[in-house]
Amino acid sequence: MNLTKDPLNLIIAGVGGQGNVLASQLIGKAFVKENYFVTIGDTYGASQRGGAVMSHLRISKDSQFSPLIPEGQADILVALEPVEALRVIAQYGNPSTSAVINSRPIYPTAVTAGEAQYPSLDKIKETIRELTRKSWFVDATEIALSLGSPIFTNIIMVGALAGTRLLPLAQKTYEETIQESFPGIHLEVNLKAFGQGMGLIQ
């Protein structure tokens, strides 16, 4: 299976502390294993924990590309938080973008302080479906909590992305990359998180 376009532009977005940088590194390493060129650029919001964090991956069979994806040029978005999905799609999306989104909100301080309103999840879903070619909403945080910690949300989302078959990577390649990245006692639960993420996509 080959890239649907070259370079393939993938954004992983979330808020600080959700682990999207680790998720981007896992996907990047998996592509390197399959002899692709991968460039990753990370951008951080005002505060790393709680601020917006975005990883740009540019994947090519033939050459290295600059690390940041031009506006309107994202092919795939993986969002660990729904409003971050909206924000990124507004800037980087186009009608052919596909998106995989964790449906659990993380409320910014302004919302918890009553200074701002968080849009309803139904409204977020409706807007994202209008702006993308295809979108999947998954309850990754719920599954992560069932595995013992919300920290597994990012690996579940990598699994969900694998389940969409949007990337030309075999399940085995992802699993080998996870084995290299989580040696020892953390391996089994991360492989389980990945597998459960794959199972979320029908």
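Arg165 is exposed, with a relative accessible area of 53%, where exposed means over 50%, buried under 20% and partly exposed in between (1.4 Å probe, protein chains only). Arg165 lies in the loop between helix H6 (153–164) and helix H7 (171–181); helices (H or I, at least four residues) and strands (E, at least two) are DSSP runs, numbered from the N terminus. The model is predicted: local features need pLDDT of at least 70, side-chain atom pairs count only at pLDDT 80 or more, and totals for chains, interfaces and linings use all residues. Residues are numbered from 1 along each chain as its sequence is written, and side-chain values use heavy atoms, with hydrogens and water left out.

**Backbone geometry**

Most residues other than glycine have a negative phi, and most peptide bonds are trans. Arg165 has a positive phi, near 65 degrees. Asn35, also not a glycine, has a positive phi near 70 degrees. The loop that holds Asn35 runs between helix H1 (20–33) and strand S2 (37–44), and Asn35 counts as exposed because its relative accessibility is 61%. A cis peptide bond, with omega about 0 degrees, joins Asp6 and Pro7. Pro7 is placed in the segment before strand S1 (8–15).

**Two buried loop positions**

Gly16 sits in the loop between S1 and H1 and is buried, at 11% relative accessible area. From Gly16 to Ile124 the separation is 108 residues in sequence and 21 Å in space, C-alpha to C-alpha.

Thr97 is found in the loop between helix H2 (82–92) and strand S5 (98–102). With a relative accessible area of 1%, Thr97 is buried. Its side chain has a polar atom 2.7 Å from the backbone oxygen of Ala74, and a polar atom of the Thr97 side chain lies 2.9 Å from the backbone nitrogen of Asn94. A polar contact is a pair of N or O atoms within 3.5 Å; within protein, one must be able to donate a hydrogen and the other to accept it, and residues adjacent in sequence count only if both atoms are side-chain atoms. Not counting residues up to four places away in sequence, Thr97 touches Ala74, Asp75, Ile76, Leu77, Thr132, Arg133 and Lys134, contact meaning heavy atoms within 4.5 Å.

**Helix packing**

The table lists two helix pairs. Axes are lines fitted to C-alpha atoms, for helices over the stretch in contact, and angles run from 0 to 180 degrees between N-to-C directions.

| Helix pair | Angle | Axis separation |
|---|---|---|
| H1 and H6 | about 40 degrees | 9 Å |
| H7 and H8 (187–199) | about 150 degrees | 10 Å |

At about 40 degrees, H1 is oblique to H6; angles under 35 degrees count as roughly parallel, over 145 as roughly antiparallel, 65 to 115 as roughly perpendicular and the rest as oblique. H1 passes H6 in a right-handed crossing, meaning that the near helix is turned clockwise from the far one by less than a right angle. Leu22, Ala23, Leu26 and Ile27 of H1 make the contact with Asn154, Ile155, Val158 and Leu161 of H6. These residues divide into 7 nonpolar, 1 polar and no charged, where Ala, Val, Leu, Ile, Met, Phe, Trp, Tyr, Cys and Pro count as nonpolar, Asp, Glu, Lys and Arg as charged, and the others, Gly among them, as polar.

At about 150 degrees, H7 is roughly antiparallel to H8, and their crossing is right-handed. Gln171, Tyr174, Glu175, Ile178 and Gln179 in H7 meet Leu187, Asn190, Leu191, Phe194 and Met198 in H8. This contact comprises 6 nonpolar, 3 polar and 1 charged residues.
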